[in-house]
Amino acid sequence: MPKEPSREEVAQFIVAEAKRIDYPDTLLALSIAKAESGFRQICNLKDCRYGIGVFQIVRSTFRQAACAGDVFNTEDNIRCGLKLLKEDGHGHWDMSVSGWLPIYKELVIAQSRIKWAEWEAAQKS
């Protein structure tokens, strides 16, 4: 991944990394990353007090979760976010549920429609 990846590259990395660690709910991970940062490696406020990076992880959480690398590194931030999701669920992001839950619901519905359309097409053949 380049030093400053595009939003699409970040989303693709989230999907690939979720698959690598066998995290099943990529739609949830994508929803949280989109709501928290818009898939950007940003700092929330000047001192980063409320979160860093794609998953808006605070430094203390990064350390307590024993995440490898640097919270300011895009790939490390994503790996840590996925580790937290896999081990603890979405609890770290419950304060922002009003931001990511509607995105998650839309993605789940879209995925269901695609699967239904594929099923219908298979029935016709």
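Reader: What makes residues of α2 count as buried, and which are they?

Author: In this predicted model, a residue is called buried when its relative accessible area is under 20%. In α2 that applies to Leu27, Leu28, Ala29, Leu30, Ser31, Ile32, Ala33 and Ser37.

Reader: How do you know that the length of α2 agrees with its 12 residues?

Author: The expected span is 1.5 Å times one less than the number of residues. For the 12 residues of α2, 26-37, this gives 16 Å, and the end C-alpha atoms are 16 Å apart, so the two agree. Just after α2 comes Gly38, with a positive phi of about 65°.

Reader: How is the packing of two helices described?

Author: By two values, the angle between the axes and the distance between the axes. For α1 and α2, the axes cross at roughly 145° and come within 10 Å. Their crossing is right-handed. On the α1 side the contact involves Ala11, Ile14, Val15 and Ala18, and on the α2 side Thr26, Ala29, Leu30 and Ala33.

Reader: What kinds of residues make the contact of α1 with α2?

Author: There are 7 nonpolar residues and 1 polar, with no charged residue.

Reader: Which residues make the contact of α1 and α4, and of what kinds are they?

Author: Helix α1 contributes Val10, Phe13, Ile14, Glu17, Ala18 and Arg20, while α4 contributes Thr74, Glu75, Ile78, Arg79 and Leu82. By kind, they divide into 6 nonpolar, 1 polar and 4 charged.

Reader: Why is Asp22 called exposed?

Author: A residue counts as exposed when its relative accessible area is over 50%. Asp22 has 62%, so it is exposed. Its place is the loop between α1 and α2. Asp22 has a phi near 65°, which is positive although the residue is not glycine.

Reader: What makes Ala66 count as exposed?

Author: The cut-off is over 50%, and Ala66 has a relative accessibility of 57%, so it counts as exposed. Ala66 lies in the loop between α3 (59-64) and α4. Its phi is near 55°, again a positive value in a residue other than glycine.

Technical notes
Residues are numbered from 1 along each chain as its sequence is written. This is a predicted model: local features need pLDDT of at least 70, side-chain atom pairs count only at pLDDT 80 or more; totals for chains, interfaces and linings use all residues. Side-chain values use heavy atoms; hydrogens and water are left out. Contact means heavy atoms within 4.5 Å. Helices (H or I, at least four residues) and strands (E, at least two) are DSSP runs, numbered from the N terminus. Ala, Val, Leu, Ile, Met, Phe, Trp, Tyr, Cys and Pro count as nonpolar, Asp, Glu, Lys and Arg as charged, and the others, Gly among them, as polar. Buried means under 20% relative accessible area, exposed over 50%, partly exposed in between (1.4 Å probe, protein chains only). Axes are lines fitted to C-alpha atoms, for helices over the stretch in contact, and angles run from 0 to 180 degrees between N-to-C directions. A crossing is left-handed if the near helix is turned anticlockwise from the far one by less than a right angle, and right-handed if clockwise.
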